[in-house]
Amino acid sequence: MDREQPRATDGAPGDGGTRPLPLTLAVPAAVLAGVALLLAFPPYGWWPLAPVGVALLAAAVHRRRLRAGAGLGFLTGVALFAPLLEWTNLHTGYLPWALLSLLQAAYLALLGAAAAWVSPLADRHRAAWPLLTGVLWVGQEALRDRTPFGGFPWGRLAFSQDTSPLLKLAALGGAPLVTFAVAVAGGLLVTAAWRDWRRAPGQWRPVAGLTAALVALLAAGTAVPTGVRGAGDTVTVAIVQGNVPRLGLDFNAQRQAVLNNHVDATLELARRVAEGGQDRPDVVVWPENSSDIDPLRNPGAGERISRAADAIGAPILVGAVLVGPGQGEVRNAGLLWRPGTGPDLDQVYTKRHPVPFAEYVPLRSIARKVSSQVDRVRSDFVAGDRPGVLNTGPAVLGDVICFEVAYDGIVRDTVTGGAQLLVVQTNNATFDVAEARQQLAMVRLRAVEHGRAALMASTVGVSGFVSPDGRVDGATGFNTAAVVVRQMELGDGRTPATTAGVWPEVALTALAVAALAGAAVLRRRREVAPG
């Protein structure tokens, strides 16, 4: 793959040598790194494998040249993202899935090159290797989460830790701090393993110290308190998962069928309430696209929703596609529909981050040459300009729609805007249960991050409630109709993560840049050193 630097010592890589792993070991290690990272995410959920994957990639690229580091990182990225994002090819064909997977893998190629570049620093200051690993992962994710077209944060290390003790660190520094902790844990593993076991009889002492540091890191996660001061009030919330006539891109091809499913399920809930078999909810949440017809322009659709709201006697947060404001434009919106009065046009949230190539098509003429599937997006969704803070009366909701839950700032803006309860409206009808469970893991992190109870309402599942410490309650099945009602505590105040906002990520990314610069200085000194 490349010509490696000459080694100073013989034998296995050790503290005093400059030799990388042989390629016969490095290539399998890079592939296994991607597989380990994949298995850490839902639906598998083997979170301890995330640090193992980080360690394997770090070992594979250590002491390599940039080109080899990038190639090995790319192998890890393909092994991770191709199966992780497999749900994107279910109804759009293999080409979009392949392009997205390769694009995401390219960021791990950059990470592999960066990790190879800082190898002299890791060799000179062995105790800093875990920290170098941590900041480089955060820097890679900061770039991937924002580029291109607003980024694609799916597959962040933090989102693999929904059942891990490290999840609670989100309350201190959000997803970037959780990613940092996972990568540091991986760095501790590789630092402990990277030594010549045959030559140094005292190797167990530093290994014991590194193991103790790893245990302390996990223990620190469990010690972080979750939640913030509550307002002392509770609210009863119903999630209505009405299901769709068929999965796939044509989930709403049968006119008004999706809307009818959600109306009928709400009417059935109202019947149970009237009979005394169920407490009346204060708020009802329907998922994204639950109204497959614009209810503001179609009187029949609006009447159906009004009938459901009047029957249940509570406001309904409806997910709807609204036509306009411009010609050929639509909005993906959460619209509050009140009993007796109908739509409350002061309480509408328009999705701020439409998904490129799915809800709008940038560079359409060029994209059409790659895949004709882009023409299925006949009208471009326009982005909203306000956070999803909706006052229902009984509670102030922080609404985000579908993939927006992956973006730190979009969720945080609802909390700083006064949200007492986090709501994720989503439509998983074009994906599968793996995607839905990956999304629910993000909701769990957001609940801990901001100290707010949260819920996810999906057309087909998985829907469920999440407590401020990340526990899931009332999770539904996939591709089925369900109604779940729970009492939820309203929150106020801010966690340290909410207060800090983007600054932990900025600080850690700045350290990554400093590490790259420091490695450049060290490499330059080595080049000009006598002999």
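The model is predicted, with local features requiring pLDDT of at least 70 and side-chain atom pairs pLDDT 80 or more, while totals for chains, interfaces and linings use all residues. Residues are numbered from 1 along each chain as its sequence is written, and side-chain values use heavy atoms, without hydrogens and water.

**Exercise 1.** Determine what percentage of the residues of the protein count as buried.

Solution. Begin with the secondary structure, which comes to 15 helices and 13 strands, taken as DSSP runs (H or I of at least four residues for helices, E of at least two for strands).

**Exercise 2.** Classify the crossing of helix α7 and helix α13, and describe the residues of their contact.

Solution. The axes of α7 (residues 170–193) and α13 (residues 433–450), lines fitted to C-alpha atoms over the stretch in contact, with angles from 0 to 180 degrees between N-to-C directions, come within 8 Å and cross at roughly 140°. Therefore α7 is oblique to α13, since angles under 35 degrees count as roughly parallel, over 145 as roughly antiparallel, 65 to 115 as roughly perpendicular and the rest as oblique. With contact taken as heavy atoms within 4.5 Å, α7 contributes A170, A171, G174, A175 and V178, and α13 contributes L445, R446, V448 and E449.

Methods:
Buried means under 20% relative accessible area, exposed over 50%, partly exposed in between (1.4 Å probe, protein chains only).
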